[in-house]
Amino acid sequence: MKTGTLTHCFWSCRKLQMYWSNVLSEMEKIFGLKLGMDPVSLILGLPNQRLTSKHNKRLYCILTYAARMNILLQWINVRVPTVKGRQG
């Protein structure tokens, strides 16, 4: 994937793979389910098929939105975003 493309900036960047892995790990703890690294679901915020309740689907959308916003808020920063949010 070419550096600087939207796909690269949100997903394929090697530095962001660890970030998405950490985000997914936290969401799996919250939902008590193995969700899997699905870029379509995580980047677009489409509810994961393993979530059955309306409330969990809504929470998934909110959490993935927050993860994407965290990337956007730090896109110019040299440091990779963290699950805990902005770091100074």
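Mentor: Let us begin with Lys29 and Glu26, whose side chains meet in a salt bridge with 3.3 Å from N to O; the term stands for a side-chain nitrogen of Lys or Arg within 4 Å of a carboxyl oxygen of Asp or Glu. Side chains of opposite charge can pair when their charged atoms come close. This is a predicted model, in which local features need pLDDT of at least 70 and side-chain atom pairs count only at pLDDT 80 or more, while totals for chains, interfaces and linings use all residues. Residues are numbered from 1 along each chain as its sequence is written, and side-chain values use heavy atoms, with hydrogens and water left out.

Both Lys29 and Glu26 belong to helix H2, which covers residues 14–31, and they sit three residues apart, about one turn of the helix; a helix here is a DSSP run of H or I with at least four residues, numbered from the N terminus. Lys29 counts as exposed at 59% relative accessibility, whereas Glu26, at 35%, is partly exposed (buried means under 20% relative accessible area, exposed over 50%, and partly exposed in between, with a 1.4 Å probe and protein chains only).

By the rule for salt bridges, the count comes to two. Lys34 forms one with Glu28, and there the closest N and O atoms are 3.8 Å apart. In this pair Lys34 counts as exposed, because its relative accessibility is 62%, while Glu28, at 17%, counts as buried.

Conventions: Helix = DSSP H or I, 4+ residues; strand = E, 2+ residues; numbered from the N terminus.
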